[in-house]
Amino acid sequence: MIPYWRLSGYYFFYFAFVGAFSPYFGLYLQSIGSSAAEIAVLMSLMSVMRTLAPTLWGWLADRFGMRAPIVRLSAALSVLGFSGFLLSTAYGALFASMAFLAFFWSAALPLVETLTFAHLEGQASRYGSIRVWGSVGFVLAVLALGYLLDEMPIKGLLWVTLGILGGILVCAMMIPEVHKVREGVTSVSLGSILRRPEVRALLTACFFMSAAHGALYVFYSLHLVAHGYSKTLVGWMWTLGVLAEILVFMGMPQLLRSFSLRTLLIFSFAAAVLRFVMIGWGADSLVVLVFAQLLHGATFGSYHAAAVAAVNRWFGARHQAQGQALYGSISFGAGGVLGGLISGYTWEVVGAGWTYTLASLFALMGLVVLARGWRDRLVVGVV
């Protein structure tokens with residue numbers, strides 16, 4: 001039987017942490033006197049560690065055939081790392097705490113994705129119905145904190161977020177391991193998989209997509225507050241994007257029956273090109289911002305679901321953890337680092353409009369790479 005609720009519970013708390021951390025932690029750092037460049041560096045540490053840690057943990061998981069114990073260890077040490085924010089506001093202490101937290105927190109998700117697909121066993125279309133609970137957790141966290149932070153001191157964010165990390169730890173302890181290995185499948189080396197043109201094109205395009213989202217995850221909340229919007233409305237805007245994402249996740253079985261993974265990804269990248277220009281230059285119009293947030297259903301929802309499904313198909317059982325780790329490291333890791341750091345400097349030099357225009361150009365570069373490198377004739381019978 002598929003451990004539906006145990007997997008769903010983990011996704012719920014994991015992305016509730018993202019909902020508490022990504023939109024609001026920059027506001028906390030700003031409140032204690034951190035500069036835009038310091039905020040960008042600290043927030044980008046999450047992406048730096050997503051470049052390094054998942055590959056290491058993925059290799060260990062595939063090498064020793066165990067994933068759940070690593071997920072549990074990462075959850076426990078993430079709680080320990082975040083606790084450091086309660087002890088000091090000095091930049092060096094913040095840097096150390098963020099690095100420790102990020103190294104262990106970023107190790108878990110690729111392994112949980114691998115466990116989820118292993119438990120689904122050929123029912124990959126059901127991934128969206130499990131992953132959607134992560135989006136629900138994000139929505140509840142971002143909405144509740146939007147209201148709370150209009151009424152309570154910003155430092156309360158730390159205690160709420162620490163409690164959410166505790167929820168991740170509890171759920172991690174309940175996720176069952178998968179020991180069964182598929183038999184009768186021809187073993188293909190990791191190197192030969194990575195030499196396939198469509199694989200290289202997807203991973204490169206995902207790098208650019210995450211770079212495009214760097215300014216969004218670091219500065220979107222600050223961008224809205226600077227234009228006079230309340231923190232409550234900031235929470236609702238993040239929520240709107242995730243509601244669009246939820247609808248896409250729920251509709252993925254139907255979308256996968258109607259469109260190829262390549263088609264879904266190309267549409268997602270095209271939506272990202274439009275979305276970031278609208279955010280950068282249309283922030284004075286709530287209508288424009290609402291439409292841009294609805295596009296999150298494509299720029300993350302269909303994009304992520306299609307990308308992890310492609311990785312699941314291409315890397316096979318033997319290299320599954322490493323495949324998901326590479327996807328996370330190259331995209332959310334390296335791409336997120338580039339996007340976050342560049343946006344930290346362009347934000348103060350050229351302003352929000354041009355920072356988000358650069359994000360749009362990153363998405364366009366990913367679109368071109370994907371369209372040229374992944375051609376339908378290369379993947380007949382695969383997608």
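**View 1. Helix α13 and the second largest cavity.** α13 gives the most to the lining of the second largest cavity, five residues. Helices here are DSSP runs of H or I with at least four residues, numbered from the N terminus. This is a predicted model, in which local features need pLDDT of at least 70, side-chain atom pairs count only at pLDDT 80 or more, and totals for chains, interfaces and linings use all residues. Residues are numbered from 1 along each chain as its sequence is written, and side-chain values use heavy atoms, with hydrogens and water left out.

View 2. A cavity is a set of points on a 1 Å grid over the protein atoms alone where a 1.4 Å probe fits but cannot get out; lining residues have an atom within 4 Å of a point. A volume is the space filled by probe spheres set on the points, which are joined across faces, edges and corners. Of the 14 lining residues, R50, L109, P110, G328 and F332 are the closest to the centre of the second largest cavity. Two or more residues of this lining come from each of α2, α4, α12 and α13.

**View 3. The largest cavity.** The volume of the largest cavity is about 630 Å³. Its lining has 37 residues, and V18, S22, R50, Y217 and F332 are the closest to its centre. α8 (197-226) is one of the helices with at least two residues in this lining; α8 gives the most, seven residues.

Note on methods: On a 1 Å grid over the protein atoms alone, a cavity is a set of points where a 1.4 Å probe fits but cannot get out, and a pocket is an open set with protein on both sides within 12 Å along at least five of seven lines; lining residues have an atom within 4 Å of a point.
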